[in-house]
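Notebook open; I wanted to look up some helix packing and a chain contact. Here is the entry I started from.

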Amino acid sequence: MSSDFKIYNATELWQIETSLPSIPTFSQNLDKILGNDGIQLGSLTELLGLSGSGKTQLCLQLCASVQIPKILGGLNSEALYVDTNANFTVERFKEILFSSLAKCQEIMGSSILIKEEDALKKFHYVKAFGLENFCAFLYQLPNFLSDKPHIKLIIIDSIAFPFKEGISLKQRTGLLFRLMADLQKIALNKQIAVVLTNEMTTRIGLSTGAIVGSLGDTWSHRCNMRLLLTAPEPLKNLRLAVILKSNVTAERVAKFQITSDGIRDIQ
Amino acid sequence: MASIKCKMESGIQLLARLSKKTGIERFYPIIFESGPKLGDFIEIYGEGSTTCLLGDLICECLIPNDLNGPEASIIVFNTDGKLTLDYLINLSKIKLSKRLKNSTNKPCHDSKVINSLLNLMLKNLFILDIYNTTQFYTSIQNLEFFLTKYSNVSLCIFDTLTAFYWDEQNLQKATKMDSYVKKLLRIVQKIVKDFKITVLYSRPEYFSTSKESIENLEPCYENSESEQINYRIQIVYNEKDVNLVNVRTYNKQFQKKFHIFNDEIVWL
Amino acid sequence: MNALERKEHVYLTESILKTLKQNRIITLFDFLQEEAEKLSTLTKLTLPQVLEIRQEIFKKHSAHLINGATLFINSLTCKKYIPTHITSLDEVLGGGIPVGLITEVCGLAGCGKSQLCMQLAINSVKESDDSVLYVDTKGDFSAVRIQKILDANGVSYKDMALIMLKIRVVHIWNMEDLITLLENIKNGILKIEKLSLIIVDSLPCLMLQHFGDENKIGLTFLNRVVNNSRYISKEFQTGFIYVNIQTRWIDQDVSEPEEIESSCTVKDITYNEKRNRCLGKYWQTIPALLLVIEKCSDYDIENNYENCVMIKVIVTRHTNPLLAENCTLKLNALGVT
């Protein structure tokens, strides 16, 4: 019989929670509503939004932000990007990564030089199209991570896409909750931030409005932080982020914009 | 060896025959009319909780002779845990003060009288708190000993009979819910047949293999032989505030309406 | 059901157990059910020896018959409730979270279930020596939030530390681990001093992992969790809260317009939102007390400067499932009040 359950008291947890650093979004407004100056390590965050609302853009920005050198208070770490819906383009990532690093370089001066090719090596891209590939990859994720101990951010873009077909609703729920339990265990033990994107779907007649996150009501309980991104004015860069669920902050709204350089505050 | 067996069993039978047992006939005429007889099996089921009726039956059954009650002894297999002693005590107190008021024609506020009567009632109540499958079956087998020791027990209650069903299922084979109930009843029947007692058990309404409602599946019987039920009582809670029990016996079927007021069932 | 093993009695040697097994007497129950004479013949034990084994098994495994009057006297000194110290909630609950029973807290995502649970954790230890165990199955527990609530209420750092030391948290990721955890508490392998309340937030996160399984192993696990929870809450005199979730489904009702209005024959299609407690039929009958939480009036996304949410708690008891009482609580920086 195993009796090695780690029982914390709230003081110990408080020390852990307050000592865990966050990955900045490059928008102070957004960092502020997230409550921890960005996406905190060890947390599980769900990004919701219609297509074009900036989910992938924010993910790419985070992959760049995780590289900020220690000297600037950054994590100097690596990111894992699990692509399930082919939304990823390497050109766009380079654009965001290099302009983010340029900004760092600007502040640091020429004392330390960041090489672009080194920066790209700190980004691990995995293509996991289809349910089988996706599950197979997550299954061997612990091994993958022990080979690459500097990974501090895992992006899954998107979590819903692999489950679009080929699986019954019930089995989908079972599988999703098992995968999430394993993923969250890793995230907490290894202090890695996990960000998932999710699409929106229409359900007519709900009291809370017709457009809700896909994967159903049970799923909406799973993540501790749920952030809804919207583009209130089509064709403009303005984006709104709304905290739908959080244990740390009360619900609030932030404005930000998507520029060619990545996520930024509105000037 | 055979002679010992013969002696042992006839001993129990003799004891059972000689023991003067308080009958519980006519104790709850709204449902049982002139019954239930010793040896009867009663089933209570419902989509919601069966506690309100079970609690009412237990308290009525315990009411002392002085207040025209059966003053019977009861054993409860408590496998569900929601029928609490506090609930029974509260309900008993309400019933006692009502009966006292009726018999003396003036309200009784004497808590001493009520408490001594309550104590008398509780002395006739025996509870088995059961928390796992092994304990459940072992205690059922031990019932023979309990009934011999407390020979005046006339009602044995299982609340609920099916609490450990899922615990017992394994990956290879699952017992059908109906067969499971039958199997348990056969075991109980085998043990209690030499003792003159009534058996009452609850089961959730969903606990049935077939989609058909329970009452359509098996008829009730006049004389209980193995796994045959003498009364089937369904509790239906209605949103519009008038709750129902549907009672079925081998030759009858009727409906009674009730409210719940301060935990007590008020028949309409 | 336990198998018949050597440890049950010294008379039960390997060879006797083997003989019994060949005769399909495998579990304790098989042994108890069999006639003593037959067992004696099979095992070559004397009849008194067989009866001795039977007695030993009963002594070890059967529940004890306890008289109501004895129970009554014992119960006089027992606490019945864990006060929530939220006045309006305690009033509706008739004193607090019941001891010895299972309570369910249920609601839609983000309605404030975890917030209420964290508040209950704080309040149950705040003015006593008791401690609380928070079983976290999805990383929802936030010590930072606890500290912020205490800070906002003007609690001194010293008291804050004392309170937070009494809130114990464990992460559990699957049903098997939850069962082991509860068994460890039950068997005294895991000792938590002055444990007065256990909160499992949330159960569906573990149970839903078995959704869509070919077998019903999830329900078997759930039955064991329920058994152990009942034992712990009763024997250790604790409150036991399970957090459950609600899902929504839509019913399309075609409603007839009132006759008085006019003679027009247009039928309105209205959508009825129905809510459903998760975890299935077996679980529905388990909790003695049900707290359904609803977020009151939807907040205005862009103009919610107050940062205050009202939540409604609807309480029903299993003894009278149609009688619902409710109270409205405030959720803000000060916590749930």
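Predicted model: local features only at pLDDT ≥ 70, side-chain atom pairs only at ≥ 80, totals over all residues.

Residues are numbered from 1 along each chain as its sequence is written, and chains are lettered from A and ligands numbered from 1 in the order in which they are written.

**Helix pair in chain C.** I looked up H3(C) (residues 36–43) and H4(C) (residues 47–61), which pack at about 110° with axes 9 Å apart. Helices here are DSSP runs of H or I, at least four residues, and strands are runs of E, at least two. Axes are lines fitted to C-alpha atoms, for helices over the stretch in contact, with angles from 0 to 180 degrees between N-to-C directions. The two helices are therefore roughly perpendicular (65 to 115 degrees). On the H3(C) side I noted Ala36(C), Glu37(C), Leu39(C) and Ser40(C), and these meet Leu47(C), Val50(C) and Leu51(C) of H4(C). Contact means C-beta atoms, placed from the backbone, within 7 Å.

**Chain C against chain A.** I found 51 residues of chain C and 46 of chain A in the contact. Elements giving two or more residues on the chain C side include H8 (143–152), S6 (167–171) and S8 (239–255).

Pairing takes at least two DSSP bridges. Opposite Tyr8(A) I found Val169(C).

Technical notes: Parallel < 35°, antiparallel > 145°, perpendicular 65-115°, else oblique. Contact = placed C-beta atoms within 7 Å.
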